[in-house]
Amino acid sequence: MLKIVEVGPRDGLQNEPAVIPPAVKIDFVNALSLSGVNEIEVSAFVSPRWVPQLADAEEVFRKIARREGVVYSALVPNEKGLARAVSAKVDKVSLFTAASESFNQKNINTSIAGAIQRFLPVAKGAHDAGMTLRGYVSTAFWCPFEGRIAPAAVIEVVERLIDVGVDEVSISDTIGKASPDEVGMLLDGLLSRISTDRVAVHFHDTYGRGVENVLTSWSYGIRIFDASVGGLGGCPYAPGATGNVATEAVVKALKSKEETVGVDLEQLANARRLLDPFLSEERRALPRGGSLACATCEFSHQDVCCGQRSV
Ligand code: HMG
Ligand code: MG
């Protein structure tokens, strides 16, 4: 079955410079619940010092109106995060690591092996609590610090996550730099190790290739697509990471393949509009997200970009 995983409330809002009030986030999630998306990644139970934008995860989970049939998930980096997620009655938790050591260190302050060790009790605890479990593999194609990542390194991390006990992996193009050929190359190796229905794809859209990458993955049989309404998104610890591929664009692209996608675009737009007064000017100027890359140096983040920013 085709699934749209709406990650805007987490991936989108973690990367906004302003902290959006919890009441707005709650209205946003409630509006998304009415759109027909299958899952909503509502927030993250990470350190509030590392991501202050999502420090209100408990309050948001407590106050959203859960719609039957929609799965409400959150990121969890460690046992402390799991304890918070369990008391917030999260349906599904997502562990997250990376295929590159440098990004892993910058994002969760440990090595890949350290993350896997950290995840063992979290996975057990999540399953004991009746939650399903996702594992993200960030920098699955390109790392902002190490460059191109070999498919073998990604497959190795996927296998470790399966050993940990995840039900599903999300293969993530953190800085949105993958080409459809690179996506195909990874899926060629990966799908002989893990069944297609346990693989999600998570494309950021820095170079405007998100939709093409979604369709390439679809042609390999992948049916779980992460996306963010309005193309919000990015990771504060990944220079160059701009928005996720826009949910609206993914829905349209999949419909063009005659897939039945039960997502109402008008309702998505209603959800997206709720955020307008709170988003950065840059984001408002790009209502569908993506393509924030500088045409001169190809990076979008001010720490890395050459400064001759010509979008
Ligand atoms: P650390 O500083 O090494 O943690 O951070 P620590 O275990 O040493 O603890 C330090 C303090 O943090 C302690 O507090 C802990 O209690 C507290 P103190 O005793 O000093 O007062 N702490 C917590 N508080 C609340 N909730 C928690 C928690 N854990 C520790 N869960 C840590 C390690 C993993 C916590 C930190 O690095 C972190 O939170 N990182 C998250 C970064 C993040 O959220 N990045 C963005 C999401 S990933 C992403 O966007 C990629 C993705 O979209 C896919 C893709 O596109 O690639 C998923
Ligand atoms: Mg992401």
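Helices here are DSSP runs of H or I at least four residues in length, numbered from the N terminus. The model is predicted.

**View 1. Glu-258 sits in a loop between two helices.** Helix H10 spans 247-256 and helix H11 spans 265-275. Glu-258 lies in the loop between H10 and H11. Its phi is near 65 degrees, a positive value. Glu-258 is not a glycine. Most residues other than glycine have a negative phi.

**View 2. Polar side-chain atoms approach ligand 1 from Asn-107, Asn-109 and Trp-50.** In the side chain of Asn-107, an N or O atom lies 2.8 Å from a nitrogen atom of the ligand. For Asn-109, a side-chain N or O atom is 2.8 Å from a ligand oxygen atom. Trp-50 places a polar side-chain atom 3.4 Å from an oxygen atom of ligand 1. Ligand 1 taken alone exposes 1100 Å², and the protein buries 77% of that area.

**View 3. Asn-109 is a loop residue with a positive phi.** The loop runs between H5 and helix H6 (112-128). Phi of Asn-109 is about 60 degrees, although the residue is not a glycine.

**View 4. Residues 287-311 have pLDDT under 50.** The model has 62 contacts for this stretch beyond four places in sequence. What does the protein average in pLDDT? The average is 91, and 90% of the residues score at least 70.

Notes. Residues numbered from 1 in each chain as written. Chains lettered and ligands numbered in written order. Predicted model: local features only at pLDDT ≥ 70, side-chain atom pairs only at ≥ 80, totals over all residues. Heavy atoms only, no water. pLDDT = per-residue confidence, 0-100. Contact = heavy atoms within 4.5 Å. Polar contact = N/O pair within 3.5 Å; in protein donor to acceptor, adjacent residues only side chain to side chain. Areas by Shrake-Rupley, 256 points an atom, 1.4 Å probe, with all protein chains shown as cover.
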